[in-house]
Amino acid sequence: MGHLQESLALLDHVGPVRLSALHDLGIKTIEDLLFYFPFRYDMIVEKDPNELLDGDKVVLKGLRINQATVNFYGRKKSRLQVQIMVLNHVIRLIFFNQHYLKDKINQLDEIAIYGKWDASRQQLIALKLLGGFKEGQGQSFEAVYPASQAIKAGTIRQLVEQAFERFGEEISDLYPLEALGPYGYMSRRQAVYNMHFPKREEDYQKAHEQLTCEEFLSYQLRLQDLKLSRQKGKNDGYKIRYDLKQLKKAIQEIPFELTQGQKQVVNLICRDFLQAYPMNRLLQGDVGSGKTVVAFLAMIAVGTSGGQVALMAPTEILAQQHYERFKKMFPDLAEDTCFLSGSTSKKDRQAILEALANGQALFAFGTHALFQDSVHFKGLTCAIIDEEHRFGVKQKEALCAKGDWVNVMYMTATPIPRTLTVTLYGDMDVSLLKEKPMHRQGIKTFWIKESQLVNVYQECLRRVRAGQQVYFVSSLIEESEELDLKSALELFKQLKKHFPTEVRLGLLHGRMTPDEKEEVMDAFQTGHLDILVATTVIEVGVDVPNATLMVILDADRFGLSQLHQLRGRVGRGATASSCILVADPKTEEGKERLRLMTESQDGFYLSEADWRLRGPGSVFGVKQSGLPEFRVGDLYRDQEIMFYARQIAHQMVTEKEGENYENCH
Ligand code: ADP
Ligand code: MG
């Protein structure tokens with residue numbers, strides 16, 4: 001057995017104090033340390049001795065002009081000195097406690113050295129022997145490690161040196177170089193070395209690319225394995241044999257023509273259903289691209305096969321909306337349909353649970369209530385999860401565990417940059433709904449200062465008088481529902497004061513009971529309210545085509561993806577819609593985000609930008625995006641490499657498993 005998995009206590013100069021300091025940095029084993037890479041490299045510059053000031057750290061290069069000599073003094077202390085000629089200066093180099101370098105130095109004719117200039121004695125206190133003149137190449141780099149109060153970067157560097165010296169030999173290749181294609185430059189051991197001790201910039205750049213590729217490849221191979229293991233229990237009994245005639249009939253009942261994209265995705269889903277292993281599909285589509293009707297058709301297909309299907313949405317409002325729509329669009333199926341949420345009354349609940357357990361209810365709509373322990377399905381064969389990133393992994397699993405071999409489709413209206421998609425959803429089949437239904441108009445977006453808000457009121461009034469409806473979104477106060485509520489209440493009061501009494505205002509916030517929310521939403525949906533003041537609870541999915549203006553306060557507090565989602569609540573009908581962002585951003589980044597919003601309506605473009613500006617968490621509008629942590633690679637910077645790794649992983653797996661997994665389509 002090698003030493004790489006062993007504790008750092010194996011190293012010299014590592015006692016309990018350093019051990020715990022390293023632990024705190026996440027470094028536990030020798031391998032952890034060897035793969036703990038610098039976050040920066042400082043270039044060490046060469047200088048003319050004439051220009052040196054006392055205390056400067058520099059690289060000097062020169063011809064050795066005498067033999068190195070060593071004096072020992074005190075206990076175990078030594079001083080090695082040697083003279084070199086730099087340009088026309090004779091310079092003394094001093095090495096403390098490094099007497100063992102004597103022979104090495106005496107073999108070199110030319111020396112490159114990094115050290116600290118001592119002006120009074122015209123000598124250089126050596127910090128690091130860079131080797132011979134030629135190896136120095138005019139520059140070298142010093143690795144700077146992420147450190148902490150308890151342990152300094154310099155100490156880490158010394159420990160890395162020691163670890164590499166003693167155990168570096170044990171670093172073996174994970175993949176053959178050919179597999180790494182354009183990123184396969186050197187042995188893995190050499191790559192690790194170059195990350196820590198580069199001589200040239202190219203050294204660590206190549207090493208970084210290679211190690212990133214290896215890391216991403218391992219990750220993608222795990223995803224491929226996951227995908228394969230899901231397909232392993234293949235069984236014809238698991239096919240969902242839907243009735244095409246009935247499905248076509250349902251399509252006829254839809255009051256509009258499906259877009260090309262919608263048709264394609266429905267076809268893909270049907271193909272998935274006929275596979276002998278369960279579907280695992282992500283449906284991505286920008287807000288308003290019409291995912292819901294696709295989900296409905298998938299549900300109906302499942303229904304025609306006699307199986308049960310559940311559509312779960314993250315909010316009561318949304319789940320309810322889906323339920324009502326479904327019944328309205330397909331009245332014949334209303335009898336087989338049920339709705340379950342946290343606020344379902346006890347009496348109704350009992351009846352619904354029974355209908356699900358005995359299979360009477362084929363189509364279940366609901367919220368988190370659907371995966372609670374008390375819920376049993378007779379034969380759940382498909383689960384559809386809307387706004388999937390709003391649910392935790394466990395919650396999604398819990399729903400899928402309600403049947404054996406449940407086909408799953410996740411839906412998200414958050415356009416996710418492609419790199420993040422292949423990372424987060426790399427084990428799934430992903431389809432995109434790109435185009436939007438024909439009649440959609442663009443949403444004109446404006447950015448105004450808070451002082452101009454009064455002008456907005458005019459516009460609101462004009463719209464309301466024209467029979468249209470308006471959303472006001474109050475400012476977002478992160479991590480405080482209470483303050484969120486307060487700002488919504490204040491806005492509500494302010495608007496009440498401003499508008500004539502005939503303007504009907506409603507308020508919607510997260511603290512209301514589901515019943516209260518539903519009541520307000522209903523009133524807005526049916527046109528009994530003109531203006532809806534809301535916190536971000538309206539963000540997901542809500543569909544009121546008559547709403548044509550959205551005003552978002554303190555818009556700079558929101559991420560681009562979130563703003564885009566919010567804005568997607570208007571522009572859903574035939575009338576031209578606008579979105580007004582009210583903000584006085586303090587930072588350049590904040591201004592940039594608002595500018596981007598006024599310029600683009602492309603969700604993918606905006607989510608890429610959000611990622612660039614604020615990191616991946618912002619794309620999802622949640623703190624925990626479930627993104628894996630990579631040791632070397634950076635998803636944003638190394639996107640190309642992730643795509644390559646994905647492609648190679650796919651090839652590697654299909655070559656290996658080719659005979660066992662025939663294509664099922
Ligand atoms: P999202 O993808 O954001 O969930 P929805 O499914 O809520 O979007 O659809 C938005 C609106 O577009 C709904 O009112 C829906 O009825 C309508 N819609 C969906 N598909 C079409 C279509 N092919 N033609 C016309 N309108 C459509
Ligand atoms: Mg939706």
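Reply: We begin with aromatic pairs. Rings of Phe, Tyr and Trp (its six-membered ring) pair if their centres lie within 6.5 Å; planes under 30 degrees apart count as stacked, over 60 as edge-to-face and the rest as tilted. In this structure Phe296, Tyr323, Phe326, Phe330, Phe339, Phe363 and Phe365 form one aromatic cluster. Please note that the model is predicted: local features need pLDDT of at least 70, side-chain atom pairs count only at pLDDT 80 or more, and totals for chains, interfaces and linings use all residues. Residues are numbered from 1 along each chain as its sequence is written, chains are lettered from A and ligands numbered from 1 in the order in which they are written, and side-chain values use heavy atoms, with hydrogens and water left out.

Me: How many aromatic pairs does the rule give?

Reply: The count comes to 22 aromatic pairs. Take Tyr36 and Tyr145: the ring centres are 6.5 Å apart and the planes stand at 10 degrees, so this pair is stacked. It links distant parts of the chain, 109 residues apart: Tyr36 is in the loop between α2 (30–34) and β1 (40–45), and Tyr145 is in the loop between β8 (139–144) and α5 (153–167). Helices (H or I, at least four residues) and strands (E, at least two) are DSSP runs, numbered from the N terminus. By contrast, Phe326 and Phe365 form a tilted pair, with 5.1 Å from centre to centre and 50 degrees between the planes. Phe326 lies in helix α11 (residues 316–329) and Phe365 in strand β12 (residues 363–366), so this pair ties together parts that are 39 residues apart in sequence.

Me: Are Tyr36 and Tyr145 buried or exposed?

Reply: Buried means under 20% relative accessible area, exposed over 50%, and partly exposed in between (1.4 Å probe, protein chains only). Tyr36 and Tyr145 are both buried. Phe326 is buried with a relative accessible area of 0%, and Phe365 is buried at 0% as well.

Me: How many salt bridges does the structure hold?

Reply: A salt bridge is a side-chain nitrogen of Lys or Arg within 4 Å of a carboxyl oxygen of Asp or Glu. The structure holds 24 of them. In one, the side chains of Lys206 and Glu202 meet at 2.7 Å, N to O. These two residues are four apart in helix α7 (residues 201–232), which means that about one helical turn separates them. Lys206 is partly exposed at 28% relative accessibility, and Glu202 is partly exposed at 40%.

Me: Which residue meets Asp427 in a salt bridge?

Reply: The partner is Arg230, at 3.0 Å, N to O. Asp427 lies in the loop between α14 (418–424) and β15 (429–433) and Arg230 in helix α7, so the pair ties together parts that are 197 residues apart in sequence. Asp427 is buried at 8% relative accessible area, whereas Arg230 is partly exposed at 27%.

Me: Which residues does Phe96 touch, not counting those up to four places away in sequence?

Reply: Contact means heavy atoms within 4.5 Å. With that exclusion, Phe96 touches Tyr73, Ser78, Arg79 and Ile125. Phe96 is found in strand β5 (residues 89–96) and is partly exposed, with a relative accessible area of 34%. Phe96 and Gln252 are 156 residues apart in sequence and 87 Å apart in space, C-alpha to C-alpha.
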